[in-house]
Amino acid sequence: MESKAVQSASRFDFLKWLVVFVLIAIGVVGNQYFSAESLLYRVLALVGLAIVAALVALQTDRGRRFATLLKEARVEIRKVVWPTRPELVQTTAIVVVFVLVVALLLWGMDSLISLLVAGFIG
């Protein structure tokens with residue numbers, strides 16, 4: 001019984017995704033067709049079409065899973081401990097100094113190897 005329900009949902013999901021792609025195509029073609037019109041009207045139309053397409057996409061199984069993923073990602077981002085400004089400045093300074101030291105070492109090694117090869121080749 002459950003597999004039939006999943007199959008019918010998948011069939012309708014395909015139609016919903018088809019509607020989403022048609023809405024996107026209408027937006028692209030309409031934006032080109034009405035290129036002489038005001039940019040404000042075209043942007044408003046595209047935003048409206050994008051909202052409708054997103055609402056249709058959220059009615060599908062993948063759309064619901066994507067919405068759940070976004071909600072869970074938001075919860076995880078709230079758990080992140082962000083560095084304070086002094087920590088950020090200190091870490092950035094350490095990285096910049098380290099990069100400069102490594103760059104100088106690589107430059108020195110490159111110069112030394114170039115001199116050795118030039119002396120060997122003559």
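**The core and its helices**

Tutor: The largest nonpolar core consists of five residues, namely Val20, Leu23, Ala53, Val56 and Ala57. A nonpolar core here is a set of buried Ala, Val, Leu, Ile, Met, Phe, Trp, Tyr and Cys residues joined through side-chain atoms within 4.5 Å; buried means under 20% relative accessible area, with a 1.4 Å probe and protein chains only. The elements giving two or more residues to this core are α1 and α2 (39-57), and α2 gives the most, with three residues. Helices are DSSP runs of H or I of at least four residues, numbered from the N terminus.

The model is predicted, so local features need pLDDT of at least 70 and side-chain atom pairs count only at pLDDT 80 or more, while totals for chains, interfaces and linings use all residues. Residues are numbered from 1 along each chain as its sequence is written, and side-chain values use heavy atoms, with hydrogens and water left out.

Contact means heavy atoms within 4.5 Å.

Asp13 lies in helix α1 (residues 2-33). Beyond its neighbours within four places in sequence, Asp13 contacts Gln59, Thr60 and Asp61. Asp13 is buried but has no salt bridge, and Lys16, the nearest side chain of opposite charge, is 4.4 Å away. A salt bridge needs a side-chain nitrogen of Lys or Arg within 4 Å of a carboxyl oxygen of Asp or Glu; Lys and Arg count as positive, Asp and Glu as negative, and His and the chain ends are not counted.

Note on methods:
Buried < 20%, exposed > 50% of the residue type's maximum accessible area, 1.4 Å probe, protein only.
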